[in-house]
Amino acid sequence: MSPTGTVRLLVVANAVVLTIGSIDAGIGGQWDLFVLFVISLVISLVLLVRVESRRPAIPIRRDLVAWLRDRASVSGEPLTTVTDRAIATFLERYGVVSDVEEARQ
């Protein structure tokens with residue numbers, strides 16, 4: 001799952017709804033429902049931390065995603081490993097950005 005803005009928004013909205021539900025269940029004295037809401041809230045917060053701590057989402061063209069998936073299926077490696085290697089190869093071939101900026105000056 002890519003940590004896009006939509007995913008973050010949905011997880012935060014879910015956490016807000018679960019917080020309100022747990023407060024309402026606690027005030028109403030429905031302890032089994034309160035525990036259910038709190039457990040769900042904890043799961044949502046863990047998901048939010050995981051979404052925020054993952055590597056950043058970088059949108060790329062569909063044809064490149066298809067190529068990366070094909071390469072990953074051929075090599076049997078995870079998609080992220082193939083993507084990392086492709087970017088590292090690009091970096092080796094073309095250098096870092098600071099080298100390009102120094103060459104322009």
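How are α3 and α4 oriented to each other, roughly parallel or roughly perpendicular? In this predicted model, helix α3 (residues 62–75) and helix α4 (residues 79–94) pack with their axes 9 Å apart and at an angle of about 115°. Angles of 65 to 115 degrees count as roughly perpendicular, and α3 and α4 are therefore described as roughly perpendicular to each other. Their crossing is right-handed. On the α3 side the contact is formed by Leu-68, Arg-69, Arg-71, Ala-72 and Ser-75, which meet Leu-79, Val-82 and Thr-83 in α4. By residue class, this contact divides into four nonpolar, two polar and two charged residues.

The crossing of α1 and α2 is left-handed, and the residues of their contact divide into 16 nonpolar, seven polar and two charged.

Leaving aside residues up to four places away in sequence, Ser-44 touches Val-11, Asn-14, Ala-15 and Leu-18.

The aromatic side chains remain to be considered. A pair of aromatic rings is described by the distance of the centres and the angle of the planes. In one of them, the rings of Trp-31 and Phe-34 have centres 5.7 Å apart and planes at 85°, so the pair is edge-to-face. Trp-31 and Phe-34 are three residues apart in helix α2, and are therefore separated by about one helical turn. Trp-31 is exposed, its relative accessible area being 53%, whereas Phe-34, at 27% relative accessibility, counts as partly exposed.

The rings of Phe-90 and Tyr-94 have their centres 4.7 Å apart and their planes at 45°, so this pair is tilted. Both residues lie in helix α4, where Phe-90 and Tyr-94 are four residues apart, about one turn of the helix. Phe-90 is exposed, as is Tyr-94.

Technical notes
Residues numbered from 1 in each chain as written. Predicted model: local features only at pLDDT ≥ 70, side-chain atom pairs only at ≥ 80, totals over all residues. Heavy atoms only, no water. Contact = heavy atoms within 4.5 Å. Left-handed = near helix turned anticlockwise from the far one by under 90°. Helix = DSSP H or I, 4+ residues; strand = E, 2+ residues; numbered from the N terminus. Nonpolar A, V, L, I, M, F, W, Y, C, P; charged D, E, K, R; others polar. Axes fitted to C-alpha atoms, helices over the stretch in contact; angles between N-to-C directions. Parallel < 35°, antiparallel > 145°, perpendicular 65-115°, else oblique. Phe/Tyr/Trp six-rings, centres within 6.5 Å; stacked < 30°, edge-to-face > 60°. Buried < 20%, exposed > 50% of the residue type's maximum accessible area, 1.4 Å probe, protein only.
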